[in-house]
Amino acid sequence: SLRASFVDAASWVDPTNVANTFFSYYSYGAALGLALDLELRARGTTGLDDFMAALWRRFGRDETPYTNEDLRDALAEWSGDKRWAEELFERYVFGSELPDYQRLLATVGLEVRRARPGVAWLGVSQLRFGDDGAEVTTATRVGSPIYEAGVNRGDVLVEIDGERLRSEDHLRELLAARAPGDELRVLVRGRGTASEVGVVLREDPTVEVVSFESADRALDARTKRQREAWLAPRSDHRLALQRHCSEDGAAFAFEYEHCPWDGTRLSLGQAAPPQP
């Protein structure tokens with residue numbers, strides 16, 4: 001989030017290495033939320049919804065500021081397991097480890113597996129094809145075969161194993177005839193020179209999530225109940241929120257922070273039930 005202003009709103013003309021230095025905290029937060037929900041359910045609780053409701057009562061209702069440490073302590077108190085809550089935050093929030101999604105999704109009868117097993121992967125995300133070959137238009141990802149071969153943004157892939165690259169379909173055809181572990185000889189032109197490099201292909205790392213039934217795995221009764229509870233309506237906590245004027249009690253939409261008439265700060269609370 002320290003780079004939010006440079007990613008969410010700002011624009012720049014200089015090339016960057018954002019692909020290797022930044023991961024959206026929106027996606028990361030959603031992924032951690034999924035892991036926490038499944039972990040809580042596996043531990044016999046009602047999941048993330050009720051924990052979020054507890055956070056609302058503790059911080060949101062009175063608009064009390066909070067820190068990551070406050071959330072960690074609230075999780076420890078709510079779950080009754082301080083050691084687990086501290087380890088979770090240390091590894092996944094303050095640290096950069098990833099939860100074991102294969103184990104967690106299995107608790108609701110879902111399997112994480114390779115989407116394209118055995119398919120050779122070059123590791124180039126975006127190419128612009130022209131008469132001279134295929135130009136790499138974005139920074140290559142650290143750890144990908146093409147990155148390990150020293151190819152990066154601005155380089156042009158001219159030939160692969162002696163064949164001139166003509167189109168994206170042509171590249172797919174060339175890769176379809178290879179297997180992970182094969183080495184390609186790629187003629188690369190960049191930074192004023194042309195050279196041939198070796199690129200060792202790897203298996204496509206893309207994964208997919210499928211049900212146990214689709215993967216021909218048995219779904220026991222307990223796991224089925226866990227899945228049904230997980231996919232059921234989210235929560236019984238239905239909070240219709242409104243902003244209220246402290247002077248006359250007038251109600252406004254949740255999005256308002258100040259009275260549109262006199263500018264006084266509005267308080268936040270649950271909407272009054274409809275009158276019969």
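**Exercise 1. Is glutamate 111 buried or exposed, and which side chain does it make a polar contact with?**

*Solution.* Start with accessibility: glutamate 111 has 16% relative accessibility, so it counts as buried, the cut-off for buried being under 20%. Keep in mind as you work that this is a predicted model. Next, find glutamate 111 in the fold: it belongs to strand S1, residues 110–114. Then list its neighbours. Leaving out residues up to four places away in sequence, glutamate 111 touches Glu208, Val209, Val210, Phe212, Ala215 and Arg217. Finally, look at the side chains: those of glutamate 111 and arginine 217 make a polar contact at 3.1 Å. Arginine 217 also lies over the face of phenylalanine 212, at 3.9 Å from the ring centre.

**Exercise 2. Describe the protein as a whole: how many helices and strands does it have, and what is its radius of gyration?**

*Solution.* Begin with the secondary structure, which comes to 10 helices and 13 strands. For the outline, take the box along the principal axes; the C-alpha atoms fill roughly 80 × 55 × 40 Å. Turning to the interior, 30% of the 276 residues are buried. Last, consider contacts between residues at least 6 apart in sequence: 55% of these join residues at least 24 apart.

**Exercise 3. Check the span of helix H5, then work out which helices its buried residues pack against.**

*Solution.* Helix H5 covers residues 68–79, which is 12 residues. At 1.5 Å a residue, the helix should span 16 Å, and because its end C-alpha atoms are 16 Å apart, the two values agree. Next come the buried residues of H5, namely Leu71, Ala74, Leu75 and Ala76. To finish, step past the end of H5, where you meet glycine 80 with a positive phi near 75 degrees.

**Exercise 4. What does phenylalanine 59 touch, and how is its ring placed against that of tyrosine 66?**

*Solution.* Phenylalanine 59 lies in helix H4. With 8% relative accessibility, phenylalanine 59 counts as buried. Setting aside residues up to four places away in sequence, phenylalanine 59 touches Thr64, Pro65, Tyr66, Asp70, Leu71 and Ala74. Two of the names in that list, Leu71 and Ala74, are also among the buried residues of H5. As for aspartate 70, it is 11 residues from phenylalanine 59 in sequence, and the two are 9.6 Å apart in space, C-alpha to C-alpha.

Now for the rings. The model has six aromatic pairs. In one of them, the rings of phenylalanine 59 and tyrosine 66 have centres 5.1 Å apart and planes at 40 degrees, so the pair is tilted. Another joins phenylalanine 89 and phenylalanine 94, with centres 5.9 Å apart and planes at 50 degrees, so this pair is tilted too. Phenylalanine 89 is buried, with a relative accessible area of 8%, whereas phenylalanine 94, at 35%, counts as partly exposed. Ring pairs also link Phe22, Tyr25 and Tyr26 into a cluster.

**Exercise 5. Where do aspartate 161 and arginine 191 lie, and what are their phi values?**

*Solution.* Take aspartate 161 to begin with. Aspartate 161 sits in the loop between strand S5 (156–160) and strand S6 (163–164). Its phi is near 50 degrees, a positive value in a residue other than glycine. At 34% relative accessibility, aspartate 161 is partly exposed.

Then turn to arginine 191, found in the loop between strand S7 (183–190) and strand S8 (193–200). Arginine 191 is not a glycine, yet its phi is positive, about 55 degrees. Its relative accessible area of 67% makes arginine 191 exposed.

**Exercise 6. Is serine 144 buried or exposed, and what does it touch?**

*Solution.* Locate serine 144 in the loop between strand S4 (133–136) and helix H8 (145–148). With 1% relative accessibility, serine 144 counts as buried. Not counting residues up to four places away in sequence, serine 144 touches Trp121 and Gly123.

Note on methods
Residues are numbered from 1 along each chain as its sequence is written. This is a predicted model: local features need pLDDT of at least 70, side-chain atom pairs count only at pLDDT 80 or more; totals for chains, interfaces and linings use all residues. Side-chain values use heavy atoms; hydrogens and water are left out. Helices (H or I, at least four residues) and strands (E, at least two) are DSSP runs, numbered from the N terminus. The expected span of a helix is 1.5 Å times one less than its number of residues. Buried means under 20% relative accessible area, exposed over 50%, partly exposed in between (1.4 Å probe, protein chains only). Contact means heavy atoms within 4.5 Å. A polar contact is a pair of N or O atoms within 3.5 Å; within protein, one must be able to donate a hydrogen and the other to accept it, and residues adjacent in sequence count only if both atoms are side-chain atoms. Rings of Phe, Tyr and Trp (its six-membered ring) pair if their centres lie within 6.5 Å; planes under 30 degrees apart count as stacked, over 60 as edge-to-face and the rest as tilted. A charge sits over a ring if NZ of Lys or CZ of Arg is within 6 Å of the ring centre and within 35 degrees of the ring normal.
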